[in-house]
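Please open the structure in your viewer and keep the selection tool at hand.

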Amino acid sequence: VFEGLVVFCRGIPSSPVTFILGFYVNVVYRRWWDQLKSIPWPDTVAIFLNANIRGKVRSANLLHNPLASFIMSYRNAQVKVCSPQDDRARMFRRNIIRYVNASYILCLIRICSRVKKRFPTKQHLVDAGVLDMKEMELLEAYEENHPYSSQYFPLIWATDVADMANKEGRLGNNSPHQSIIKAITEFRVGLQILNCYDRFSFPLLYSQVAMIFVYGYFVFAVMGKQWLDPSAEGAEFKVDVYFPFLTSLEFFLYVGWLRSGEVMLNPFGDDDDDFEMNSFIDRNMQVSFHLADMLQAEGDEIELKKDAYWMTGVPSELPHTIASEEIVEPTPMAGSTAGIQVPPEEQAKVLLHRTKSRASQITRTSSNRSRLSITSAASGLRKRVTRLSTMSRHRVADIKEGVELGARLARNEDAEKGNLFDDVIPEVDETRTTDVADDEGTNDGARLAPKTS
């Protein structure tokens, strides 16, 4: 019984396990990678703020340029120039970037257990300097009367601050204002994608099927991979091994493969392999505030100067160090056809004289070929149907002819004439001949009797 059970379990193939696990881990990994790419970064918003919201607005003195003074007086306009830095411009930039980070943290509190443990209440955000008391009260008042989250409220406040800066003339025109609003809305789209991944989780049934299939396979493999007695008569295997090395390797492979898929199902958990979102928050707060607040002081603007390759025009190869020189490999920047050489006798030019008439003729020829191919296909189909119907009629005629021939032989009174057909048809059964004669019927209606020699 044991040997029979082992032989039966050995017939279970492992290819379905490979297919199920491969497809399962592939889908989970794609979902994991898409979530990582969907995490928004406030760097773009900070760079836009740094580039567009500068210092205070002041009137430019154009008295030293009579032509410019005449033009501006004619247009009844005033030139507005921003100094590199002032406190109000800095407050615009820092408030917008603070609101962007506040919305980021509020979103992660909903989907990431690590961040939830770090900021369990909004009072912790106030203590961390992300929100103030009035902003916290506005968020809590909204959440008391509405079932939805208030995580996007700080982004609305950020757009209001940007609009305030635009009305004060700090953005010059509408284009920088629209760029800032677009960067904020794109940041919100990234947060919304993360919320969608959290709200619509991976189908649990698929994970259960993969797990049950893998562990069920190894339940049968425990029996199927047992070694039989090699000394027994008729034994299939002649090698006696005490430890199943290959089975253990297969177990580690499949179970490790399954475990990797289970780990990637929720990257916003608190496992060791999940995303460290608290480090992301600290990094974003420091880098975004630094980018939004990093401006040159008055009189310390970036100097415009000639670069190191000004005289040569085109930069040469950059220098290497001793460590990098050892691993330098020449990589020719050539295409895949660089090694193809065309013989001189095949390089002669050939002119194709294709006039309009020739082109129209080619078009008509191609259309005629298309119609001819369709016509020939239809004709071939009709011929095949006709041939099949003809063969059917011939078969029916052959059957009728055989029945009539049997009837004539049965009615033939001459035994010698009947013997002539003995090697053509088998001997006619007396009862069958009588039945055939009854079915066919003769002109006089007489029943035929078997003849005796």
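The stops below say what to select and what is found there.

Begin with the whole protein chain, keeping in mind that this is a predicted model. Coloured by secondary structure, the chain shows 17 helices and two strands. Of its 453 residues, 26% count as buried, and its accessible surface comes to about 32,500 Å², of which 58% belongs to carbon and sulfur atoms. Among contacts with a separation of 6 or more, 76% are made by residues 24 or more positions apart in the chain.

Next, select residues 277-293, which form helix α13. Now highlight the buried residues of α13, which are Met277, Asn278, Ile281, Asn284, Ser288, Phe289, Ala292 and Asp293. If you look down the axis of α13, these buried residues fall within an arc of 120 degrees, so they line one face of the helix.

Finally, select Gln151, which is found in the loop between α8 (133-145) and α9 (153-167). Is Gln151 buried or exposed? Its relative accessibility is 5%, and because buried means under 20%, Gln151 counts as buried. Show its surroundings as well: leaving aside neighbours within four places in sequence, Gln151 is in contact with Ser103, Leu106, Cys107, Arg110 and Asn195.

Notes:
Residues numbered from 1 in each chain as written. Predicted model: local features only at pLDDT ≥ 70, side-chain atom pairs only at ≥ 80, totals over all residues. Heavy atoms only, no water. Helix = DSSP H or I, 4+ residues; strand = E, 2+ residues; numbered from the N terminus. Expected span 1.5 Å × (residues − 1). Buried < 20%, exposed > 50% of the residue type's maximum accessible area, 1.4 Å probe, protein only. Arc of directions from axis to C-beta. Contact = heavy atoms within 4.5 Å. Areas by Shrake-Rupley, 256 points an atom, 1.4 Å probe, with all protein chains shown as cover.
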